[in-house]
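The sequence and the structure are shown first.

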Amino acid sequence: MIKIIAIDEKSPYLDKVIKLGDANNKTLGFLAKGTFHGFAIKKQVLVALDNQNNFLGYLLYGINQKGKFAYIVHLCIETSQRGKGIAKALVNELKKITQDVEGIRVRCRRDYEARKVWPKLGFCAISEMPGRSKHGSTLTIWWFDHGHPTLFTLADEQRIRSKLTVVIDANIFYELQGTPQSANEKESQSLLADWLNVELCLTSEIYNEIDRREDEIERKREKKIADTSFVRLHSPDDEFQKNCEQLRPLFPKNMSTSDESDLRQLAHSIAAQMLFFVTRDKALLKKSDKIYDNFGMHIISPEYLIIHQDELMREAEYQPVQFGQIKIERVHSQQISLLENEFLNLQWKTKAQFKQQLQPYLTEPHTFDVKTVQHAGKLMALVIYGRKNPHELEIPVIRLVPNSLSATLARYLVLSTVSESSSEKRVMTKVTNSGLSNEVMDALAENGFVSVNNHWLKANLPIVETAKALASRLSSLNNDLPQASQYFQKLIEAIEATKPNNILLDIERSLWPAKITDIDIPTFIVPIQSDWAMQLFDYKIASQDLFGGVPSLILNVENVYYRASRPSLSAPARILWYVSKGKGHYQGASAIRACSYLDEIVIDKPKLLYSRFKRLGVYEWKDVLNQAKGNLDQEIMAFRFSKTEVFNHPIHLNELQEFWKKPFGKNFQIQQPTHISNQLFFHLYKMGVKTKNGR
């Protein structure tokens, strides 16, 4: 085990430091004894020791006069101890004790073997300068960035906010420069097309790739391009180091310099929470499934990015597959202090202001629910539900702790709030929280909310009726909710002016869970085994499973389901889910348990379907391949569905028999998706949800 300590001028180890430094002064540069003492007085000499306190090596550093960055003067390890991770341990300790400065700088001659060490320690080669050698040596300036926000990083964040953000590897970076000659270069240069709404990013490893170029003029030119034409990602060092270790088994035992660089590129990208890494490197593309399964990042080609830009943009906004189980619980007064650190500066600037706003809600527990959302023990969100008005569910506070999954959580919270409001027979959900995050506002707009007088409103009517009856109902609501009259009037005008199915369906979805009966789209009953229903949408079944609880995909607002056969299905459509027993024999199976919108049907080979839809659902590659009976060339079906309602009153097999005999002339048996009439669909739907006009 390696122990790192900071020594002063009285330490018995200082003489060993000076002796080792003098022995290596040809490469380190000469330092007078007094200089070593000067750094020791400031405790800027770190010493590495083994378990018996034997001296192994040292690191000598300083802080520049303005206190902006640290710089390494010497890093030297005893010859017999090199290659044992001692240099890394010393540098990691320096990283810890200099976290308040911008970063760490070190200068190293290009012709020294030591220059190969710095990339492995997380440094990047940012520039170069002439050395003092008589032979005209060149010094490389290596930099480790602590990642503190600057005007430049804030500008980069602004640039990528509305675009699909991807990392490109070094080869594509090089191919984007100059006139394309080969087909490969043309494929890469297509990423620069004006119509492509993509922000191309680089990790700091690009500077190390450039630094290996022999031509000094080319190095300077390419570094300038990297600095000025691309967003450079910032990745936490602890995450980067952890990712390097976890990625290592995916690379050859004896890695080349190129392999090491590829590994660091991926590690930085994952640490920066990027979803897409673009490359033409066949070896990396072959690792795509393993990288995705372990880290949630796609490795894709430029061609794939261009063809699937819209789908990838959707994935960047919505990442349900990365969520594990979540915990939602009420907050008590004594827990306020636990929330302060996470939410100060997001809306409340002082602790007093935070307590002042939350306390009234906590003192009225019968009117307000104050809840936190946690994932893996970390606080993710704070939401308050108000029930003063019997006709509406009010959300006076909805705040997210910013992270890469905020957009997904925002969509889930918004949809589940609407579902809760509707299940309580309230006709309106109202968000009154000012200063909402972009993720929450996007989720509100996506789910049919409109901004009226600084509030976000949405009607969520638990009804099944014609468009004309719905317009009449909205008109009558003006008396109960006069503050929303303008919103209701716009809905009424849209319904009365609309005839095409697709427009009426958009209106219905915005009023979800309302159902408009005179929209003529297909309706189906789709069988699904309880094991899959539990994972995809049915939290009531999942609660029976030891590993269910809150199911892993409870946050999904859309999902995908695979089938081996090709029943006659079309989209858009409405579907009822018949949950069969499956292998788990869960209580509540053999019943219609939920309803969804069928949004898209795709038939293709399993590999292509899995690549396209693996962000949605719990299916692993082996599950998808199993649907094709292990045949990679066998086409199977995937269909994407959304806005699933789990029924309060599942319709069990004995009840279904009663309705099945008349239209079909036989007992209820279903093994394939089966088309049913709209009349039967709405009858079954009303039984399942017990709507106001469906009893």
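## Overall composition

How many helices and strands are there in the protein chain? The protein chain contains 29 helices and 27 strands, where helices (H or I, at least four residues) and strands (E, at least two) are DSSP runs numbered from the N terminus. The model is predicted: local features need pLDDT of at least 70, side-chain atom pairs count only at pLDDT 80 or more, and totals for chains, interfaces and linings use all residues. Residues are numbered from 1 along each chain as its sequence is written, and side-chain values use heavy atoms, with hydrogens and water left out.

Of the 695 residues in the protein chain, 53% are buried; buried means under 20% relative accessible area, exposed over 50%, and partly exposed in between, with a 1.4 Å probe and protein chains only. The accessible surface of the protein chain comes to about 33100 Å², and carbon and sulfur atoms contribute 49% of this area. Accessible areas come from the Shrake-Rupley method with a 1.4 Å probe, and for residues only the protein chains shown count as cover. Among contacts (heavy atoms within 4.5 Å) in the protein chain with a separation of 6 or more, 69% are between residues 24 or more positions apart.

## Aromatic pairs

A pair of aromatic rings is described by the distance of the centres and the angle of the planes. Rings of Phe, Tyr and Trp (its six-membered ring) pair if their centres lie within 6.5 Å; planes under 30 degrees apart count as stacked, over 60 as edge-to-face and the rest as tilted. A search of the whole structure finds 18 aromatic pairs. In one of them, the ring centres of Tyr-361 and Phe-368 are 4.9 Å apart and the planes stand at 70°, so this pair is edge-to-face. Tyr-361 and Phe-368 are both buried.

Phe-647 and Tyr-685 form another edge-to-face pair, with 6.0 Å from centre to centre and 75° between the planes. Because Phe-647 belongs to strand 26 (residues 636–652) and Tyr-685 to helix 29 (residues 678–689), the pair ties together parts that are 38 residues apart in sequence. Phe-647 is buried at 0% relative accessibility, and Tyr-685 is buried at 2%. Elsewhere, ring pairs join Tyr-561, Trp-577, Phe-639 and Phe-641 into a cluster.

## Charges over rings

A charge sits over a ring if NZ of Lys or CZ of Arg is within 6 Å of the ring centre and within 35 degrees of the ring normal. Arg-213 is placed over the face of Tyr-174, 4.1 Å from the ring centre. Arg-509 lies over the face of Tyr-597, at 4.5 Å from the ring centre.

## Backbone exceptions

Most residues other than glycine have a negative phi, and most peptide bonds are trans. The bond from Trp-512 to Pro-513 is cis, with omega near 15°, and Pro-513 is in the loop between helix 23 (501–510) and strand 21 (515–516). The bond from Ala-571 to Pro-572 is also cis, with omega near 5°; Pro-572 occupies the loop between strand 23 (558–563) and strand 24 (573–580).

Lys-425, although not a glycine, has a positive phi of about 65°. Lys-425 is in the loop between helix 19 (406–423) and strand 17 (428–431), and is partly exposed at 26% relative accessibility. Lys-629 has a positive phi of about 55° and is not a glycine either. The loop between helix 27 (621–627) and strand 26 holds Lys-629, which is exposed at 74% relative accessibility.
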